[in-house]
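Here is a short note for someone opening this entry for the first time. The points below can be read with the structure alongside.

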Amino acid sequence: MENQNHEEQEEEQIVTPWEVTAEKGGKIDYDKLIDKFGCQRLDQSLIDRVARLTRRPPHVFLRRGVFFAHRDFTDVLDAYERGERFYLYTGRGPSSEALHLGHLVPFMFTKYLQDAFKVPLVIQLTDDEKCMWKNLSVEESQRLARENAKDIIACGFDVSRTFIFSDFDYVGGSFYKNMVKIAKCVTYNKVVGIFGFSGEDHIGKVSFPPVQAAPSFPSSFPHLFSDKDNHRCLIPCAIDQDPYFRMTRDVAPRLGYHKPALIESSFFPALQGETGKMSASDPNSAIYVTDSAKDIKNKINRYAFSGGQDSIENHRKYGANLEVDIPIKYLGFFLEDDAELEYIRTEYGAGRMLTGEVKKRLIEVLTELVERHRRARAAVTDEMVDAFMAVRPLPNMFS
Amino acid sequence: MGHTKEQLLTRLQELQIDFPRYEHPVVLTVEAQAKYVGHLKGALSKNLFLKDKKQRFYIVSALAETKVDLKVLSQRLGLGKGGLRMAPEEALAEILQVPLGCVTPFALVNESARHVSLLLDQGIKSQECCFFHPLSNDMSITVNARDLDKFLTSIGKNPAYVDLEANPPVGKDQPPDLATLVPSDAKIVAEPPEKQVSSQGPERNHLSVNNHPKVITVAKAVKPSNASTKEKSPDAVNLSISYADPDKFVQEILEKTTSIVLSEIKEENIERNGEQLATIVSNNISKQLGLELKNIATIFKNTAYTEGFKAGIHHQPKRM
């Protein structure tokens with residue numbers, strides 16, 4: 001979903017599916033974003049409600065405000081309480097073989113949702129999108145899709161409740177019928193407005209949006225859902241995808257479907273700091289799932305942006321700037337124990353704990369995570385990918 | 001630009017190194033070289049250009065009859081069992097700047113080969129002189145070990161002679177004996193996707209034939225390793241076998257559980273907690289293991305399902 005001529009708003013921050021920049025090189029203002037987009041804050045009462053309904057502690061990403069905004073999540077919970085089920089939909093654009101921790105965040109959260117609510121999940125691999133936008137060959141994008149599927153499966157999804165599909169494999173039949181229905185509801189001017197297409201963009205790009213919208217409707221998956229169940233759909237995604245799903249939500253009632261609900265996350269910061277960009281060409285901007293323990297230690301020690309003071313005396317005096325400190329942010333994502341995180345924040349903020357100690361703890365946490373992922377990934381065979389991607393019924397998907 | 005043969009020869013003369021030189025048609029193998037100079041005084045050498053998994057390069061210069069086992073060498077260098085392999089053709093051109101069939105210790109004169117480690121067969125020391133290519137395979141020159149050392153020292157290299165046929169044990173208490181010969185500040189060469197390189201046929205002076213790059217088809221997703229995926233398919237198959245085996249699965253669970261129990265039930269804890277110890281230990285087990293056991297149980301389930309799925313698509317319908 002690349003974009004050549006979006007409006008340049010130098011004063012304001014820019015958040016689109018293709019570009020995320022803060023105001024004047026500062027931090028993203030999420031409150032302003034929620035206001036501008038018109039979505040809702042995920043407040044503590046909602047988090048408590050989730051805990052109550054699922055009878056388990058809420059996921060660390062909810063407790064720490066990583067997933068912090070939503071649209072219609074309350075309706076989904078209301079329906080769930082009434083005994084109406086919903087299904088999950090998330091996806092990945094397979095543009096590279098190497099996944100980093102930021103890529104894993106939505107999948108880790110989706111796995112939690114699947115386990116907590118006991119609902120089925122469809123995962124879309126938009127190999128066609130990457131073929132068009134990144135100019136990959138069809139074969140290469142399909143290959144990357146399968147490779148990425150292995151890392152996704154390694155996040156721990158339940159095969160009896162999960163359907164992974166690649167666009168090149170699956171588009172057709174009922175899915176395509178929905179694509180056409182959706183396309184008929186969106187004018188050319190509208191997509192240009194949302195996605196910023198120009199006269200020079202090829203028609204593949206212009207006709208892509210319905211592909212990513214169609215999985216929001218259960219009738220796209222006749223092997224999973226029958227016509228009479230008009231299940232709701234919940235989409236965990238990063239907040240920069242919001243403009244994109246607004247198109248889908250706009251179309252849904254006109255087709256007689258429920259609007260898909262969204263639960264949205266903030267951005268995963270690059271190692272060099274909030275203002276840095278995580279880029280595939282700079283391996284030191286992120287921790288990859290293929291990094292060895294040594295790589296992780298190296299990257300955190302050398303590249304993780306520190307909010308500590310420049311000398312020990314100053315640090316003891318003033319404490320660390322927790323707002324910009326990357327190790328603290330990363331611990332916020334991945335350190336499960338709330339009490340321990342609070343302790344580290346207090347001590348580090350007061351200057352009693354040094355950057356080295358914080359980084360050391362982070363290295364432990366990340367190494368364990370990456371090691372666990374690697375083990376799980378090693379157990380994923382090509383046959384397992386075939387099984388996840390087979391068009392088959394999921395008889396116990398709600399139990 | 002790499003040094004030319006003439007530049008090298010001039011340099012050797014400047015170092016007052018005497019070297020008989022023999023011109024002959026271009027040769028790519030030791031056998032071919034032997035045809036032209038085998039009758040002359042001097043021992044033939046074979047020269048291997050190798051690389052390890054971390055993009056570090058090595059030249060192994062040995063007498064033609066010395067047995068060189070890459071697996072043993074790899075372990076002695078501390079690179080593990082399969083850490084060494086023949087370097088790809090591009091590296092020959094890029095790093096050593098010599099043509100195919102021309103690997104030679106003299107290539108280290110080039111700046112681009114600054115970080116290449118040289119392992120010399122100690123057998124060379126006992127020879128009167130030894131044949132090497134002087135950066136081009138239409139000529140062979142003979143030098144003795146002393147002069148070779150003189151040359152190497154002049155370019156800032158420390159000559160390292162090794163008993164290449166030795167096979168000392170390498171383990172916890174026996175560190176790899178050649179570990180110091182691994183280059184430290186290795187230049188990172190941007191690697192194209194790895195092509196298969198296999199050693200075949202007669203010993204050659206250069207790296208062996210490259211197989212064609214793997215053809216990527218969708219059905220069998222073979223990975224070129226740009227991102228360093230560390231697992232190979234035998235590993236994945238092995239792991240999934242253990243996740244398909246209830247015995248091994250239960251064993252793993254029991255191991256993890258008992259290790260927590262054993263670490264928690266200590267005298268100090270018994271004293272401190274008394275009757276509460278049982279509850280505390282079981283709480284700890286739930287807390288520490290809960291997530292991990294769920295994860296491996298999911299892998300177990302997915303593996304079993306996959307086996308069933310595979311059987312299902314291959315099952316033959318009942319014959320009527």
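1. A crossover is called right-handed if, with the strands pointing away from the viewer, the path from the first strand over the helix to the second runs clockwise. In this predicted model, such a right-handed β-α-β unit is made by β8(A), α13(A) and β9(A). The strand β8 of chain A covers residues 232-238, the helix α13 covers residues 242-255, and the strand β9 covers residues 261-265.

2. The two strands of that unit also pair with each other. β8(A) and β9(A) run parallel and are joined by five bridges. Within this pairing, A:Leu234 stands opposite A:Ala261 of β9(A).

3. β9(A) has another partner, β4(A), and here the pairing is antiparallel, over four bridges. A:Arg71 has A:Leu262 as its bridge partner in β9(A).

4. Is β9(A) buried or exposed? Five of its five residues are buried, so the strand counts as mostly covered. On one side these are A:Ala261, A:Ile263 and A:Ser265, and on the other A:Leu262 and A:Glu264, so that both faces are covered.

5. A:Arg71 belongs to strand β4 and A:Asp242 to helix α13, so the pair ties together parts of chain A that are 171 residues apart in sequence. Both ends are buried: A:Arg71 has a relative accessibility of 8%, and A:Asp242 has a relative accessible area of 0%.

6. A:Asp72 has a positive phi of about 60 degrees, although it is not a glycine. Most residues other than glycine have a negative phi. A:Asp72 is partly exposed, with a relative accessible area of 25%.

7. B:Gln97 is not a glycine either, yet its phi is positive, at about 55 degrees. Where does B:Gln97 lie? Its place is the loop between α4 (89-96) and β5 (117-121) of chain B. With a relative accessible area of 28%, B:Gln97 is partly exposed.

8. How many salt bridges does the structure hold over all chains? The count is 39. One of them joins the side chains of A:Glu140 and A:Arg143, at 2.9 Å from N to O. Both residues lie in helix α7 (residues 138-153) of chain A, three residues apart, which is about one turn of the helix. A:Glu140 is partly exposed at 27% relative accessibility, whereas A:Arg143 is buried at 4%.

9. In chain B, the side chains of B:Glu128 and B:Lys41 form a salt bridge at 3.6 Å, N to O. B:Glu128 is in the loop between β5 and β6 (130-132) and B:Lys41 in the loop between α2 (30-37) and β2 (45-52), so the pair ties together parts that are 87 residues apart in sequence. Both are exposed, B:Glu128 with a relative accessible area of 59% and B:Lys41 with 54%.

10. A network of salt bridges in chain A remains to be noted. Its linked residues are A:Arg146, A:Glu147, A:Lys150, A:Asp151, A:Arg377, A:Asp382 and A:Asp386.

How values were computed
Residues are numbered from 1 along each chain as its sequence is written. Chains are lettered from A and ligands numbered from 1 in the order in which they are written. This is a predicted model: local features need pLDDT of at least 70, side-chain atom pairs count only at pLDDT 80 or more; totals for chains, interfaces and linings use all residues. Side-chain values use heavy atoms; hydrogens and water are left out. Buried means under 20% relative accessible area, exposed over 50%, partly exposed in between (1.4 Å probe, protein chains only). A salt bridge is a side-chain nitrogen of Lys or Arg within 4 Å of a carboxyl oxygen of Asp or Glu. Two strands pair if DSSP finds at least two bridges between them.
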